[in-house]
Amino acid sequence: MKIITEEIRLATKGNPDLVNITDAVSKILSSSKLTQGMMSLFVVGSTAAITTFEYEPGLIEDIRDLFEKLIPQGRQYHHDETWHDANGFSHLRASLQGPSLIIPFKDGKLLLGQWQQVVLAEFDNRQRKRQVIVQLIGE
Amino acid sequence: MKIITEEIRLATKGNPDLVNITDAVSKILSSSKLTQGMMSLFVVGSTAAITTFEYEPGLIEDIRDLFEKLIPQGRQYHHDETWHDANGFSHLRASLQGPSLIIPFKDGKLLLGQWQQVVLAEFDNRQRKRQVIVQLIGE
Amino acid sequence: MKIITEEIRLATKGNPDLVNITDAVSKILSSSKLTQGMMSLFVVGSTAAITTFEYEPGLIEDIRDLFEKLIPQGRQYHHDETWHDANGFSHLRASLQGPSLIIPFKDGKLLLGQWQQVVLAEFDNRQRKRQVIVQLIGE
């Protein structure tokens with residue numbers, strides 16, 4: 001049994017940017033030579049999240065609409081009075097969705113469904129440099 | 001330390017079907033003979049999720065009402081224009097709730113609360129065959 | 001590779017109480033002497049959750065407002081008819097947010113962002129004694 005800690009670094013655009021990181025995390029698994037175990041993903045920071053969905057243009061728009069409905073950008077949040085950076089909505093969206101995800105792997109492959117992509121959800125209202133920790137525990 | 005990858009296969013009814021899988025995952029733990037470690041659950045596919053709640057009829061109805069309020073079934077979603085299978089709401093619900101869960105175990109028992117059941121949430125609008133990956137890391 | 005299972009016990013106030021447990025979980029990591037691995041958190045019970053957000057007064061109020069908007073306390077839920085303890089909203093909030101979280105660590109430190117605190121969200125409508133399981137797998 002081994003443990004391997006890698007990371008993905010990427011630049012996001014902000015203003016709900018949904019980035020497909022499935023290939024990037026799959027490459028980390030291939031390079032590790034591990035065949036069976038658990039991959040954990042964790043995004044560092046409090047205005048982004050990790051999620052999974054079918055990565056196609058219609059659903060990308062639906063996910064944006066959903067978060068705009070549940071936690072609208074245009075409203076004034078108490079957090080905005082603290083830092084005056086107007087991203088209270090970003091924090092709330094990230095907290096609700098969550099920063100971490102677990103994906104099992106076997107025979108050297110992630111056990112994702114065919115239409116189940118791994119997505120970094122950038123909820124901040126500006127460009128960011130993001131770090132996603134990819135940790136593998138397995139054999 | 002060992003790693004064991006098992007799966008549960010089950011047929012769901014669709015149209016929000018909430019299935020209690022607590023006994024099924026507990027049996028996998030018993031069979032493993034492991035006493036201390038981490039169980040991870042992951043549902044394969046993009047229209048179902050894993051959650052926990054007190055599995056009683058009132059709350060089952062409340063959970064259905066909640067998702068109907070947050071992400072109504074009757075509305076037109078952009079995803080529906082892509083595949084014309086009218087399950088955009090299913091994808092959104094599954095993405096918001098999430099496909100994975102971690103439960104620790106000790107002395108051979110899952111450390112769940114008495115009223116805390118493990119539930120597969122089938123959000124798709126039709127019958128499905130589901131695969132839940134149950135992975136144990138421990139000793 | 002080792003596995004260590006610890007717990008945090010704390011008394012909460014109820015009526016959305018958001019408790020910063022970042023220091024408590026960091027101390028468990030320091031005491032373990034592990035340097036690289038995965039920390040999993042799991043709250044026992046069905047009316048509390050684990051989340052992460054920037055722990056400052058404005059955002060604490062925003063998080064309370066958000067859950068009050070998505071799942072209002074004042075409404076009658078089916079669950080309330082089952083037990084007559086009027087905490088149906090607590091169960092729904094806990095289920096939506098989720099009981100578990102994974103945080104990776106390296107060089108003996110949790111890889112959290114500077115503004116990313118770990119928070120126990122007590123959603124019950126009364127004081128509770130809570131148990132958070134903190135499990136470390138690593139080396």
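## Getting to know the chains

Q: In which segment of chain C is the place of M1(C)?
A: This is a predicted model, in which local features need pLDDT of at least 70 and side-chain atom pairs count only at pLDDT 80 or more, while totals for chains, interfaces and linings use all residues. Residues are numbered from 1 along each chain as its sequence is written, and chains are lettered from A and ligands numbered from 1 in the order in which they are written. Elements are DSSP runs numbered from the N terminus: helices are H or I with at least four residues, and strands are E with at least two. M1(C) has its place in the segment before β1 (2–12) of chain C.

Q: Is M1(C) buried, partly exposed or exposed?
A: Count the other C-beta atoms (placed from the backbone) within 10 Å of its own: 20 or more makes a residue buried, 12 or fewer exposed, and anything in between partly exposed. M1(C) has 15 of them within 10 Å, so it is partly exposed.

Q: How many residues of helix α4 of chain C are buried?
A: The helix spans residues 88–97 and is mostly covered. Its buried residues, F89(C) and L92(C) among them, pack against β4 (48–53) and α2 (57–70) of chain B, and also against β4 (48–53), α2 (57–70) and α3 (78–83) of chain C. Out of ten residues, the buried ones number nine.

Q: What angle do α4(A) and α2(C) make, and are they parallel or oblique?
A: Axes are lines fitted to C-alpha atoms, for helices over the stretch in contact, with angles from 0 to 180 degrees between N-to-C directions. Angles under 35 degrees count as roughly parallel, over 145 as roughly antiparallel, 65 to 115 as roughly perpendicular and the rest as oblique. With axes 10 Å apart, the two helices pack at about 60 degrees; α4(A) and α2(C) are therefore oblique.

Q: Which residues of α2(C) make the contact with α4(A)?
A: On the α4(A) side, G88(A), H91(A), L92(A) and S95(A) take part. Their partners on α2(C) are L59(C), D62(C), I63(C) and L66(C).

Q: How many residues does chain C give to its contact with chain A?
A: Chain A brings 26 residues, with β1 (2–12) and α4 (88–97) of chain A among the elements giving two or more. By class, that side of chain A has twelve nonpolar, 13 polar and one charged residues (Ala, Val, Leu, Ile, Met, Phe, Trp, Tyr, Cys and Pro count as nonpolar, Asp, Glu, Lys and Arg as charged, the others, Gly among them, as polar). The number from chain C is 29.

Q: What kind of axis relates chain A and chain C?
A: Copies are superposed by least squares on the C-alpha atoms of residues with pLDDT of at least 70 in both. A rotation of 120 degrees, with 0.0 Å of shift along its axis, brings chain A onto chain C at an RMSD of 0.0 Å. The two copies are thus related as by a three-fold rotation axis.

How values were computed. Contact = placed C-beta atoms within 7 Å.
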